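Hello,

Here is the structure we talked about. My notes follow below it.

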Amino acid sequence: MHIQLPYAGIVLLIGPSNSGKSTWLNQLIENEIIRPSEVVSSDDYRKLVGDVEHIDWKGHPPDEADSLFETYQDISTEAFALMTSLIEARARLNKLTIIDATHLYASDRKKHIELAHRLHQPVYALVLDIAQPILLERDRLRDFPRGGRRVKQQVQVFNREKRTIKREGFDQVHVISDVSQVNVERENMNPLHLSSERGIDVIGDIHGCFDEFLELLERLGYCPNDEGLYVHPEGRIFLSLGDVMSRGPKSLETIEFFIRHVEAGIAHMIDSNHGWKVLRWLEGRNVTMKHGDELFVEELQMYEKQKGSDATEALKSSMKRLLKHAPSHYVLTKQAIPTAVCVHAGIRDEFIGKTSRDISDFCRYGDNEGFDEAGKPIRKDWTVQHKSKTLIIWGHDPRPRPLRLNHTINIDQGVVFGGQLTAFRYPEQTIVQVEAKQDYAQVDDNPLVTLEAKRLDPPNIGKLMNGYTVDTEAFGEIHVSKETALPSIDLVSHYTVPLEELVYIPPTMSPTPKPSAEEDYLEHPNEAIAYYREHGITRLIAEKKHMGSRAILLLFKNEDAAEKAIGRRTKGIIYTRSGRKFFEREQENEIVSRLHQSLTTHDYFTTYQTDFVLLDAEILPWNLKARELIRNQYAHVAEQALLDRKQLQQTLESAVDHVEGIQDWFTEVNQKLKQAETFKQAFQTYCWDVEEIDSIQIAPFHVLAHSEETFFNQSHEWHMSMNQKLAEMDDLFLATDYKIIEDTDSANDVIEWWKMMTEDGHEGIVIKPERFMTKVDGKLIQPAIKVRGRKYLSIIYGMDYLEPDNLKRLKKRNVSKKQKLALREFALGMEGIKRFVHRESLERYHECVLATLAMEAEPVDPRL
Amino acid sequence: MQLSIQAKGKHVDVLSYLLAKNPNNLYERNENGHLVRMFFNRFEAEHVDVTFFVTPDPIELSRNNAGQYDITSYINDREFAVSSIFCSLLRTALGTALNGKPKPEYTEWVDHPFSMDLSVGPIASALSDEAIRELFEPLGYQVDFIYSESGYELDKTKRRSARMLRLSGLTTLQAALRQLYVLIPVMDNYKHYYIDEKEVEKLKRYGEGWLDDHPQRSFILKQALRFKEVYRLVEEETTTQAPKVDRQRLNDMRYETIIEKVRSLTERRIVVDMGAGEGKLASRLGFVPGIDTIYAVEPSERERLKALKRYEKNAEDPSFNPPLSMFGSLFYVDDQLRGADVMILCEVIEHIDENRIPKMMTTLLNLYRPKTLFVTTPNREYNEVYGLDSSYRHPDHRFEWTRSEFISFCETQAERFGYTCTFSGIGDSHPTFGEPTQLAEFTRKQVL
């Protein structure tokens, strides 16, 4: 007799005292088939809680006997309570537990069966059916005999109960009359675990799109071998998330393909809703084959016509074998440590690595909450409860793009609906896709079309208002607190351009991480260059920093393109770094129309095959946006300072020749007067009259995205060259001067350039690593550092900031919070644009924008 | 910030005793990093010229500023303009003179008037030259100004924002200084410290003997005490503006109309006030019987706090059903708002860009699907009656619709989502222009 113990689960031994349960288990432990920690014995627990294994009340006078009996009962109760919680804990942790007790009564067994079901564990019964004389003989020989009467009583109960055990809900029941005839084995590895060491390519829902599937395998590097099996030269294997059949044209071929590859051990396939339905149909159950399953039936009928019934029966039985053994999910491991989960429709964290009917059900259908009016299941978002960091790879519910959400990734891109077939390569975590040759399903409610129609639906406020987390590709998770989320929602509800159009908020930028080592500078390029060198980046770009107002320009090829992207017919929009309209409506129309005309005339949209261009820019002059600020603060302060200092200078001048000791004050006021004049000049450099739009300048510095791609992997030289091209297309666009830093000479060159420029009153430069997005050791570093000029800084830190005593104190500034925010906002900005370009839902790109606004609500020294 | 005092005539040299300052020495005193300085430019028997000035520490000044997360707190006029900061920094230096407590042998000179020129500034004031004259001329000064050059070349039309004030007249030193201590903060655009009852006490002390009879007394008090609550300690406000009453009346009529309409609905268990603001309508709904739950939805935390206070005030009334304040916005979806009986958009839509309205209506009528929806908005035609030619009634209005525009919009929406729509007007009716407010009542059609 052969018994295979499960990797994890609950095993009940059943049999009267003296059946040899403990002895047998000890043998198994000795033979290292099971571990001592896997055995839980009621006798042991009685000893643990009550110091004794057994209390004998026989032969005592009735009053004593009663008392002893009650004590024994109490000990038993406590022992079983403790045992139960241990068994439960082990079950939750997916461990094997073998319970050594008599389990004679149905109620004893039921308790464990229920526990096992509740915690998704298999439950086995090993029934030891030993003849009564042997039991009595053994009892006589033991240290604390239970007594013939009790043994006989137990045998009576056992004989009555053993007939019903099989119907009690055990996954397996083995009746053993002689343990020496039993060969026990156990699974040492979780059968759901798959080593990903050689690489696994996880394939989304194929739905009979066999041609696309083969094309995908070839793109992944699989080649047919002599036996026609697709193998990978590096030993990678592929794993289907299920739903390989139905809806599409070639279900049978796809299934046959999997039968051969799964049986050869070079592929895996997971259970799924369609797979389960087909299996039950094959098993002759009464199921209605619809939702594309009827096509499978048709294919099978055709097959039978062509190949005959024998071949069909053979195929059917191997199909059944494949489908029946398809697990609910797989756990991918690295060095035997679980790191990812593959599942068809969804999973709960507590299900991972376990097997049960409920788990299979959940994994096939996801978290469904009844059906809607049209009879379609209402799918709840199971991903929100996923708390662990294990990556869950899933399909089932088509999304237009692979969707990463809360440590999950959906890779069903609806190939059968005319989308793509996706492979997710693990552990590399890269995506390979094949376009569908056509929309095979031809259904009225094509999910990709439905999703597209709902793309710009208003975001769900419940997901945002209590604080939330954005999963960014560049920086990982970024948390938004409730305190900053609420005012940001208020902001976009009142002041910004509509949510649909607000696709990006530019990140804040840190100044030099350390103050200048030079005595009379607060900021200097040296510290920015040093920051990047410390991170091992030597090729840098220095771009002139324009002093105007930051602006985002989203310019469309035509109004149709705008409607497709943002749901409104327009040629373009321009908004500020806080999301507000940059210009009044008429002026915006004028500027946008002109830019549109120029870009169209120069074939911008056709050359780059794009529906839109998203630009990050500075718009000059400063007074366009800052008129009130300049009038009420800068101009006013300059006037006050000049009048104050001039008056004082005159008074002191008239006294300097006859009032003793006043020379110092006079010198001081002269110096301060000069500083006030510098201040007045500094801010006026950035202002000029704007009578018509020709005196406006737009200096783009990043071409963030086109409709089909983002440009975060491009170098800044590429961005600069694009800006040069734009400047050639329209005079409103201003190309930005820049220099490359590669070595000491070019660094010195940049420093000289910076000095010259800032002495002229220009704001300064921005130093960036060569590439738009740069990571060092997997960590994002500052994408840009601003180095502002000495004169310019007087409008930030005050006209007297360079006085040694002031500068000494100002150099104690701390930029760490600013840097932290700069990185987060940078990552959020890229993430939002990526989602917008990938045509994800408004809710998805809005959450990034809202998060950036929330970051901007954090209190930070505004002078940084 | 500076103050020069020039005095001519007999005995002016006693001023050094009244100020308790040695005319041969420079005076410098450090007040929290700010340097208070003084020197005598002239000290003769019949001609004295003394200047006080402050060299502030700008970093110290901005550090104590409440708005430290705003760039304007670092670039501001407080280090230059004479203000209450100047007054308090000079408080010690001028203490003897302000209190009129020189050495006993000079006490007799405290009330002695001298012919004086006081030059103080620069001042940062929204008051016109004329208004400033009206403050000082009644006190017997001749008033002159020294203007700055324009600070900002692009803004030529603007009035210059810095002036030095020159006062000439026959006055005692103590009176002159006390008058400046009261009137400098009055002229200045803002105060640097919190204004409370102590300020009232200071006004009484420094204003003694001149403020009560000043023709601008009430203006001076109002300016000096800024906050209504403090001002009330001195004087009651009496004026109310007439047009405001009108607007108030229209608001009330609007609320009453909506309340009456809600009251007449048979299904009104759940009522949602979208864009509830400070809760004026919602708290009135709290007195309507037959409503189980009132949701007052609003995205502004400030408005919601105001609304909560309003509800609390009513809470003592047992018939009051306090509305539930809910954070929410018309540009998002909130599943909790599905299935309400009544929804109200009272003077909300005109604050939303016109091209965003259809989508918002889709959320309301297609997703939330209340049994009844009320929408009110201004009737633009009626602006004629108010004498508003092309401007809107409120600067935040993004549009105002005529009656036909509103009706056509509402009927389109009703048609799209299976509602019927009726219209009425609120407020005084005009034969040509109708009523100032228009109201649409959407009723969901019964699905058979």
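In chain B, 40% of the 448 residues are buried (20 or more other C-beta atoms within 10 Å of a residue's own, with C-beta atoms placed from the backbone). Of the contacts in chain B with a separation of 6 or more, 70% are between residues 24 or more positions apart. A contact means that two C-beta atoms, placed from the backbone, lie within 7 Å. Chain B has 15 helices and 14 strands. These are DSSP runs, numbered from the N terminus: helices are H or I with at least four residues, strands E with at least two.

This is a predicted model, with pLDDT of at least 70 needed for local features and 80 or more for side-chain atom pairs, while totals for chains, interfaces and linings use all residues. Residues count from 1 along each chain as its sequence is written, and chains are lettered from A and ligands numbered from 1 in the order written.

Now chain A. Five strands form an open parallel sheet, ordered S3-S4-S2-S5-S6. Pairing requires at least two DSSP bridges. S3 (39-41) and S6 (172-176) of chain A are the edges; each has a single partner strand, so one side of each lacks a neighbour in the sheet. Inside the sheet, S2 (residues 9-14) and S5 (residues 123-128) of chain A pair over five bridges. Leu13(A) stands opposite Leu126(A) there.

S14 (residues 329-334) of chain A pairs in parallel with S8 (residues 193-195) of chain A over three bridges. S14(A) also runs antiparallel to S15 (residues 337-343) of chain A, joined by six bridges. S14(A) and S15(A) form a hairpin with two residues between them. Gln335(A), in the turn, has a positive phi of about 50°.

Best wishes

Notes: A residue is buried if 20 or more other C-beta atoms lie within 10 Å of its own, exposed if 12 or fewer, and partly exposed in between; C-beta atoms are placed from the backbone.
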